Amino acid sequence: MTTVLRASPRRFVSTPSVERVANRALRYLQSGYSVHLRGPAGTGKTTLALHLADLLARPLMLIFGDDEFKTSDLIGNQSGYTRKKVVDNYIHSVVKVEDELRQNWVDSRLTLACREGFTLVYDEFNRSRPEVNNVLLSALEEKLLVLPPSNNRSEYIRVSPNFRAIFTSNPEEYCGVHATQDALMDRLVTINMPEPDELTQQEILVQKTEVDRASALLIVRLVKEFRIRTHNEKSSGLRSCLMLGKVCHDHEILASPGNADFRDLCFDVLLSRSSLPLAETTKILWELLNDAIGIGLVEAEPEACELNHSLYDVAIAQTDTVAAQTEAMTEALAALALEAVMSESALDSIAEDASALEVEVPETPDISAPSEAVNGSESVASSESVESAEAVKSAETEIPYEQEILAYLKQVNGARLSQIERALELDRFRTVDVLRLLAEKGSVMLRDRLYLPTKG
């Protein structure tokens with residue numbers, strides 16, 4: 001018995017890059033052509049094929065390629081038989097018996113889809129032997145499906161105008177994959193499926209595993225960097241990301257490079273994805289986890305982080321007696337230090353960063369100068385001091401991008417550092433410097449990891 005499906009992928013993630021590919025494929029399908037989605041494993045070919053079938057709003061027939069397939073597995077075969085026995089005893093002394101056996105033809109999925117106008121999704125069709133797929137040639141081009149000869153049925157089926165076919169395949173260098181005949185490829189519109197971009201993978205993790213966006217971004221960047229260091233470009237890392245994200249969410253594991261449980265997950269999931277020797281792969285992953293923050297895999301924020309199996313708690317003391325400007329400077333300093341480094345050596349240098357943030361004011365002239373100092377010299381020194389003070393004051397008041405950042409913070413009523421960078425297209429260091437100077441002036445304060453404009 002053949003099952004007819006209704007294609008409706010659960011929580012399909014739509015981002016600009018995914019929509020672009022989907023619109024291209026849907027355009028060809030609506031014009032009557034068959035589409036071939038080709039790309040490495042884990043790039044979302046099958047999910048996109050089901051989504052396209054759902055957009056066509058027709059029942060779905062799903063077939064998975066198999067090296068053991070025969071042509072009968074696509075079009076159908078004789079299955080069972082019907083026996084008919086007639087006993088004629090009209091004359092009691094004469095008995096006539098007729099016994100007839102007839103084989104039954106059962107349509108397979110391709111035949112049913114062609115006859116009824118369903119959408120056929122042939123997943124990894126190049127795992128089937130090329131000669132098995134030859135039956136598709138006439139169905140796609142001449143719109144006729146040829147069946148084995150039989151006395152009690154037609155040998156041809158005219159393909160319905162509503163019939164559409166969506167094929168997916170892995171690269172030919174994959175194990176168990178056959179080369180595809182040119183005649184079939186010439187009848188398909190092939191769309192190469194690249195690995196989803198960082199935004200798409202992050203959205204997929206958030207929606208499929210329900211992890212927070214910061215953890216999703218860390219996992220995506222960590223897996224990508226591991227694949228680059230191990231020279232594993234053969235397949236996508238999306239499935240590995242989904243495994244890590246789901247386990248972290250289900251068992252409340254902090255997605256941090258220094259978390260011991262998270263490290264164990266990374267070793268269990270990622271080590272088997274590399275063809276390098278186990279010892280070399282283990283060393284690469286260990287170094288990657290230790291260097292994760294330094295190479296920008298995570299956006300460090302003022303919250304608890306673990307590194308090298310040691311917990312470094314960074315807390316920002318807030319009291320009602322501290323002035324608003326001092327509080328803002330303290331918060332900005334903590335954010336800058338945590339954004340820059342999260343290693344043990346970096347934590348020791350926060351004090352040095354604090355001194356670097358202070359504005360250097362030129363020393364005022366010594367009023368206790370010798371009595372023999374010339375009045376003109378005193379006047380020149382005083383003039384130079386005033387000019388230096390005015391230069392410092394001017395540097396403090398004129399901050400590049402000050403008005404843009406303040407306007408954005410007032411518009412959104414507070415934002416994180418990464419949000420400010422993306423909205424105004426600024427680099428990390430410029431943004432941190434401007435926010436620090438704004439905090440010194442009392443125009444911005446940092447609270448709960450959000451930069452907020454002051455009421456003044």
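Colleague: What makes strand 1 and strand 8 (residues 164-169) a pair?

Modeller: 4 bridges join strand 1 to strand 8, and the two run parallel. Two strands pair if DSSP finds at least two bridges between them. With 4 bridges, strand 1 and strand 8 therefore count as paired. Helices (H or I, at least four residues) and strands (E, at least two) are DSSP runs, numbered from the N terminus.

Colleague: What are the ground rules here?

Modeller: This is a predicted model, in which local features need pLDDT of at least 70 and side-chain atom pairs count only at pLDDT 80 or more, while totals for chains, interfaces and linings use all residues. Residues are numbered from 1 along each chain as its sequence is written, and side-chain values use heavy atoms, with hydrogens and water left out.

Colleague: How many bridges join strand 1 to strand 9?

Modeller: 5 bridges join strand 1 to strand 9 (residues 188-192), and these strands also run parallel. Val-35 stands opposite Val-189 in strand 9. Val-35 also stands opposite Ile-166 in strand 8.

Colleague: Why is strand 1 (residues 34-38) called mostly covered?

Modeller: Of its 5 residues, 4 are buried. Buried means under 20% relative accessible area, exposed over 50%, partly exposed in between (1.4 Å probe, protein chains only).

Colleague: Why is Ile-420 called buried?

Modeller: Ile-420 has 0% relative accessibility, so it counts as buried. Ile-420 lies in helix 17 (residues 417-424).

Colleague: What does Ile-420 touch, beyond residues up to four places away in sequence?

Modeller: Ile-405, Tyr-408, Leu-409, Ala-415, Glu-425, Thr-431, Leu-435 and Tyr-451. Contact means heavy atoms within 4.5 Å. Take Ile-405: Ile-420 and Ile-405 are 15 residues apart in sequence, and their C-alpha atoms are 7.4 Å apart.

Colleague: Which residues are buried in helix 16 (residues 402-412)?

Modeller: Glu-402, Ile-405, Leu-406, Tyr-408 and Leu-409 are buried there. They cover an arc of only 160 degrees around the axis, so they lie on the same side of helix 16. The arc is that of the directions from the helix axis to the C-beta atoms.

Colleague: Which exposed residues does the face turned away from the buried side of helix 16 carry?

Modeller: Gln-403, Lys-410 and Gln-411. Just after helix 16, Asn-413 takes a positive phi of about 60 degrees.

Colleague: What makes Glu-131 and Arg-129 a salt bridge?

Modeller: Their closest N and O atoms are 2.7 Å apart. A salt bridge is a side-chain nitrogen of Lys or Arg within 4 Å of a carboxyl oxygen of Asp or Glu. At 2.7 Å, the pair therefore qualifies. Glu-131 is partly exposed at 43% relative accessibility, and Arg-129 is partly exposed at 26%. The structure holds 8 salt bridges.

Colleague: How do you know that Arg-229 and Glu-225 are separated by about one helical turn?

Modeller: They are 4 residues apart in helix 8 (residues 213-229), which means a separation of about one helical turn. Arg-229 has 25% relative accessibility and so counts as partly exposed. Glu-225 has 21%, so Glu-225 is partly exposed too.

Colleague: Where do Asp-250 and Lys-246 lie?

Modeller: Both lie in helix 9 (residues 238-250), 4 residues apart, about one turn of the helix. Asp-250 is partly exposed at 44% relative accessibility. Lys-246 is partly exposed at 48%.

Colleague: Why is Asn-259 called buried?

Modeller: Its relative accessibility is 10%, so Asn-259 counts as buried. Asn-259 lies in the loop between helix 9 and helix 10 (260-270).

Colleague: Which backbone nitrogen does the side chain of Asn-259 reach?

Modeller: That of Asp-261, at 2.9 Å.

Colleague: How many disulfides are there?

Modeller: The count is 0. A disulfide is a pair of cysteine sulfur atoms within 2.5 Å.

Notes
Polar contact = N/O pair within 3.5 Å; in protein donor to acceptor, adjacent residues only side chain to side chain.
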